[in-house]
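This report covers selected local features of one structure. Please look at the sequence and the model before reading on.

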Amino acid sequence: MDHIVGRLKKPANRRWKSFLSPRFVEAMLAGHSALGLAFAALIYIVCLTGTMSVFKHEIERWEQPNAPLVGASLTPQPIQEAVWNGYGQALIDNAAQQLSLIAPSPLNPRFVVSYFDSSTGNEGAWIVDANGHFVTRQRAPFAEFVEGLHTSLHLPQGLGGFIVGLTGVALLSSLISGLLSHPRMFKDAFQLRWGGSERLQYADLHNRLAVWGLPFHVLVSTTGALLALSTLIIGVLAAAAYQGKPEQAYAVILGPHARVTNKSGPVPDIPAMIDSVRRDNPGAVFVSAQIERPGTSGEVIRVRMRTPHHLAFGNTFFFDGFGKSLGDAGLETGSVGQQILGALQPAHYGWFGGLGTKVVYGLLGFALVIVTQSGVAVWLARRRAKGRPSLLAERLWPTIIWSQPFAFALVALQSLRIDDETLPATYIAALALSTTVMLASENREICSDRLRLLTGLVLAILVFVHAWIWWRRLSDPIALSVSVVLLGIAAVITTSSIYSTFKRVTLPKILREK
């Protein structure tokens, strides 16, 4: 029997080997290396900021820890009160083109009203209490900076979104080529060779984390690319299905637009529209409302409601100013394409569950950051082993790796007192300072140790300055949790820098003396 089983196994092995021939594997490995090196810095920045963006709401609450929390479901009265207050404040601020309400949820227990006017450039956002009264202007410059860097690299939106989308495509392609260039990756999924050569350690770390988090890595790279390239994708679809008219393609998703008119109209009754949706969708929960051209006869209202057992944030229902239904976007019950569109953002950021889901996304996102870092480290170690080290890349790559957390720490420190207009300049200045550290360092180890030490110190200063500013006014417990996590990260980074310096400088002296 064993002889028969052995004979049956051999053809399968031959078919596998012929499918993944050595030449094919070698070509995939070359392509994997070239693609990874070309996009390594962008992939690293996008993945790191994406991991941070998972906790966007917690960062916002840390930045403004005295703002009220609204945990219970909203009743009709505070919703309509917030509409009236928001419309009145928008008129005062000359920004009444669009008014938005974001209801509190388990994801973020804050009630926020915002408004803007593209013609005047004015905008505003307020945090609202459980009665619908405005309490304080929303201020979260650091969270907005991180989100902007993740979605557009703080470049003009079209260009930045395209580069980020292209980076997502490159990441997905790297994952596929990495799988095809390592036929034994799944077989060796739990093989970790520590204590050997540096190249093997980095290679095992790179391959194991890539395999363990593969479904997540594919999910976030695919959804990220689709989100970033959505404008381009809709443009292509419009050319194919709507005779090159993108406004018709957008209308399927965004619904009708408000008519520009000077004729006055009613301030919409949002609670009545919510009740209208619930009659056909029992159990639907109010998520948000957007009023385009409020107070005019041409206004259009988009009410987002979420029903249980759907991944999307909710479906959007369209109304005119008098409460007449104008249809819906089908993000929960429409076509497959519409439902996929509705699920992209929550699936990308992990915003479809509670804090536990966010923590899992954060850990897997950090694993993807390590996969990126270790991939280039393998390439550098391979060149060193062949006697052809890349002297510039040896110092440049650690600088890229540690300049980002250092820059984020400095930006966060400045954001405690200064608004977001100057934060990109602070970020660039931090990168320039990191480059100066690189040029002043003799080798990659010294460069890495110095930047880690700077990062740990600035993070520690950030936590203590935040505590000094807010300790008497802090009412949101999540802010304390974020500070504890930041202090822990500062301790780990600083300790690793000190230990690395000790092992490189002090320990050899002790051994020589003995």
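The text below treats salt bridges, a helix pair and one alanine in turn.

The model is predicted, and local features need pLDDT of at least 70, side-chain atom pairs count only at pLDDT 80 or more, and totals for chains, interfaces and linings use all residues. Residues are numbered from 1 along each chain as its sequence is written, and side-chain values use heavy atoms, with hydrogens and water left out.

**Salt bridges**

Side chains of opposite charge can pair when their charged atoms come close. The structure holds 12 salt bridges, a salt bridge being a side-chain nitrogen of Lys or Arg within 4 Å of a carboxyl oxygen of Asp or Glu.

| Pair | N to O distance |
|---|---|
| Aspartate 204 and arginine 208 | 3.4 Å |
| Arginine 302 and glutamate 292 | 3.1 Å |
| Arginine 452 and aspartate 449 | 2.5 Å |

Helices (H or I, at least four residues) and strands (E, at least two) are DSSP runs, numbered from the N terminus. Buried means under 20% relative accessible area, with a 1.4 Å probe and protein chains only.

Aspartate 204 and arginine 208 are four residues apart in helix H7, so about one helical turn separates them. Both residues are buried.

Helix H16 (residues 444-470) contains both arginine 452 and aspartate 449, three residues apart, about one turn of the helix. Arginine 452 is buried at 13% relative accessible area, and aspartate 449 is buried at 3%.

**Helices H7 and H8**

The axes of H7 (residues 198-212) and H8 (residues 214-228) come within 4 Å and cross at roughly 75°. Axes are lines fitted to C-alpha atoms, for helices over the stretch in contact, and angles run from 0 to 180 degrees between N-to-C directions. The two helices are therefore roughly perpendicular, a term for angles of 65 to 115 degrees. Leu209, Ala210, Val211 and Trp212 of H7 make the contact with Leu214, Pro215 and His217 of H8, where contact means heavy atoms within 4.5 Å.

**Alanine 90**

Alanine 90 is placed in helix H4 (residues 76-92) and counts as buried at 1% relative accessibility. Not counting residues up to four places away in sequence, alanine 90 touches Ala95, Ala96 and Tyr115.

Definitions and conventions
Parallel < 35°, antiparallel > 145°, perpendicular 65-115°, else oblique. Buried < 20%, exposed > 50% of the residue type's maximum accessible area, 1.4 Å probe, protein only.
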